[in-house]
Amino acid sequence: MQPLKNVACPHCGKLTPFTPANKWRPFCSERCKMIDLGAWAAESYRVASEDPPAEDDEAS
Ligand SMILES: [Zn+2]
């Protein structure tokens, strides 16, 4: 039995131990945490003002 519980890093998907020793949990590292939080903040700044990606005819 393993008392450790692994979770997938929300940013990169890498399995990382969800323990008090892992201060970046549920992220695998500070980098992933900062990137993810940064992305989230950036998203919230332009909420509701961004059109959903339309179907570009780039393939034509
Ligand atoms: Zn990660």
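Residues are numbered from 1 along each chain as its sequence is written. In this predicted model, local features need pLDDT of at least 70, side-chain atom pairs count only at pLDDT 80 or more, and totals for chains, interfaces and linings use all residues.

Visitor: Which pattern does the protein chain follow along the sequence?

Guide: Happy to start there! Helices (H or I, at least four residues) and strands (E, at least two) are DSSP runs, numbered from the N terminus. The protein chain has two strands and one helix. Read along the sequence, the pattern is β-β-α.

Visitor: Which element of the protein chain has the lowest mean pLDDT?

Guide: pLDDT is the predictor's confidence in each residue, from 0 to 100. For the protein chain the mean is 83, with 80% of residues at 70 or more. Strand β1 (residues 6-8) has the highest mean among the elements, 95. The lowest, 84, belongs to helix α1.

Visitor: Why is cysteine 32 classed as partly exposed?

Guide: Good one! Cysteine 32 lies in helix α1. A residue is buried if 20 or more other C-beta atoms, placed from the backbone, lie within 10 Å of its own, exposed if 12 or fewer, and partly exposed in between. Cysteine 32 is partly exposed because the number of other C-beta atoms within 10 Å is 19.

Visitor: How far apart in space are cysteine 32 and histidine 11?

Guide: Leaving aside neighbours within four places in sequence, cysteine 32 is in contact (C-beta atoms, placed from the backbone, within 7 Å) with Cys9, His11, Cys12 and Phe27. Cysteine 32 and histidine 11 are 21 residues apart in sequence. C-alpha to C-alpha, their separation in space is 5.8 Å.

Note on methods: Contact = placed C-beta atoms within 7 Å.
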